[in-house]
Amino acid sequence: MIALVLFGSFFALLLLGVPVAFALGLAAAVGLLASGGPADLAVLPSVFTASVSSETLLAIPFFILAGVIMEYAGISRRLIDFASACVGRRTHGLAAVVVLAAFFFSAISGSGPATVAAIGTILIPALVRAGYTRRHAASMVASSGSMGLVIPPSVVFIVFAVVVSDFAGVSIARLFVAGIVPGILLAAALMVACLFLPRTAPVREPVTAGAPPPAGAGADPAPLAAGTSWTGFGRAFLGALPGLLLPVIILGGIYGGIVTPTESAVVAAFCALLIGLLVYRELRPSMLFRVLVTAAAQSAVIMLIVGMASVFAYVVTVNGIAATLADALLGVTGNPALILLLVVVLLLLVGAFVDAISALYLLVPIVAPVLLAVGVDPTTIGVMMAVGLALGLITPPVGVNLFVAAGIARTSLNEAFRGIRPFFLAGLVVLLAVTYLPVLSNWLPDLMGF
């Protein structure tokens, strides 16, 4: 009965258009009222405060700050220029540039929407000029941005390690390493999907799609792509080198035992700040207040979701709802392959309605005990959930990445959703691969001793 009240009120609030974070908190309050009365509401502030003050979760705002600094400092534009120099001259080269640039940026920001915003303002107008429809330009950038949930340093892995700690221990460093191979596979699958996109004749006149790029950023990386000389490639590489070194510093510090994942996020933000101020000199001191406000606003949204989702998860746990649902899932079948398939379907369904962080707090208490009971490694569970929830970023009706990309492309959300099919199918292939081939997740961290 409590489960029906809790989840029923949550989905009813979603249907009424209440934001996910507040829907989670209100549904939790309704669940507590139904189970124990008004006195039980007193526990909500302490649960909320304890969840958002976790030292591990401090990594989230600092990685967001690093991503915002990259955008304002011109680092993202130089990464796009380097990607264009690598693959821009090939057939569908600009589409490959989108995927490669998103891969580079994801290795620093750890956020899907941040990646879409950073590369979309430059690349969506360029894609339209190259003959791609606005629909496919938006869906291509949105899909590529979803790699931010899989490629380290992923915010999803940080949150998963915190939530799953009640059931099994897995380090953030191991999850970061485990995401490398699936991230590369996802990038390759998206590039293959790009080969099947139709194109018209290139548009030569200026296209006014999207918001203007950040200060110092060009509207189109095509000039570098036009050069095939080693000189042009070397110039692009040297320009992007400080940005390319950031993931090396972040992950090298973690894997070398020099810093914790939380400390590495601080190092990433500090290094991005030095690059913007002293190396590229495009980030001026007068811009720092705007950078901090932007990062604070983005961080506040995520931490509010974390706090509300923690309250919801608390109600699920104390009322035994998670254990009941887990037993029911095991009662359907004891076949590990079928259970994995059920979890994949559940991931896609939940990811279509709520953001990745909320989905983790909703699903981990339910599916983690079931998967662990049938012998699935916690690392595989984390990677599987990251890839599955990455698809949720491009799946209607929520599809946060598509909201951002459609806004930049100045096209309707329905049009952007219509162009997502080839990318969704490519991502689904990768999701099934990491689900049923655990070696893809465990080989590299086992090799490196994590």
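Tutor: We call it a salt bridge when a side-chain nitrogen of Lys or Arg lies within 4 Å of a carboxyl oxygen of Asp or Glu. Side chains of opposite charge can pair when their charged atoms come close. The model here is a predicted one, and it holds one salt bridge.

Student: Which side chains meet in the salt bridge, and what is the N to O distance?

Tutor: The side chains of D446 and R174 form it, at 3.0 Å from N to O. The pair links distant parts of the chain, since D446 belongs to helix α23 and R174 to helix α10 (residues 172-178), 272 residues apart.

Student: Is R174 buried or exposed?

Tutor: Buried means under 20% relative accessible area, so R174, at 11%, counts as buried, whereas D446 is partly exposed with a value of 48%.

Student: Which side chain makes a polar contact with that of N442?

Tutor: The side chain of R174 does, at 2.8 Å. N442 is placed in helix α23 (residues 439-447) and is itself buried, with a relative accessible area of 10%. Apart from neighbours within four places in sequence, N442 is in contact with R174, D377, T379 and T380.

Student: How many aromatic pairs does the structure hold?

Tutor: There are three aromatic pairs. One of them, formed by F7 and F312, is edge-to-face, with 5.6 Å from centre to centre and 80° between the planes. This pair links helix α1 (residues 2-15), which holds F7, to helix α15 (residues 288-318), which holds F312, across 305 residues. Ring pairs join F7, F10, F11 and F312 into a cluster.

Conventions:
Residues are numbered from 1 along each chain as its sequence is written. This is a predicted model: local features need pLDDT of at least 70, side-chain atom pairs count only at pLDDT 80 or more; totals for chains, interfaces and linings use all residues. Side-chain values use heavy atoms; hydrogens and water are left out. Helices (H or I, at least four residues) and strands (E, at least two) are DSSP runs, numbered from the N terminus. Buried means under 20% relative accessible area, exposed over 50%, partly exposed in between (1.4 Å probe, protein chains only). A polar contact is a pair of N or O atoms within 3.5 Å; within protein, one must be able to donate a hydrogen and the other to accept it, and residues adjacent in sequence count only if both atoms are side-chain atoms. Contact means heavy atoms within 4.5 Å. Rings of Phe, Tyr and Trp (its six-membered ring) pair if their centres lie within 6.5 Å; planes under 30 degrees apart count as stacked, over 60 as edge-to-face and the rest as tilted.
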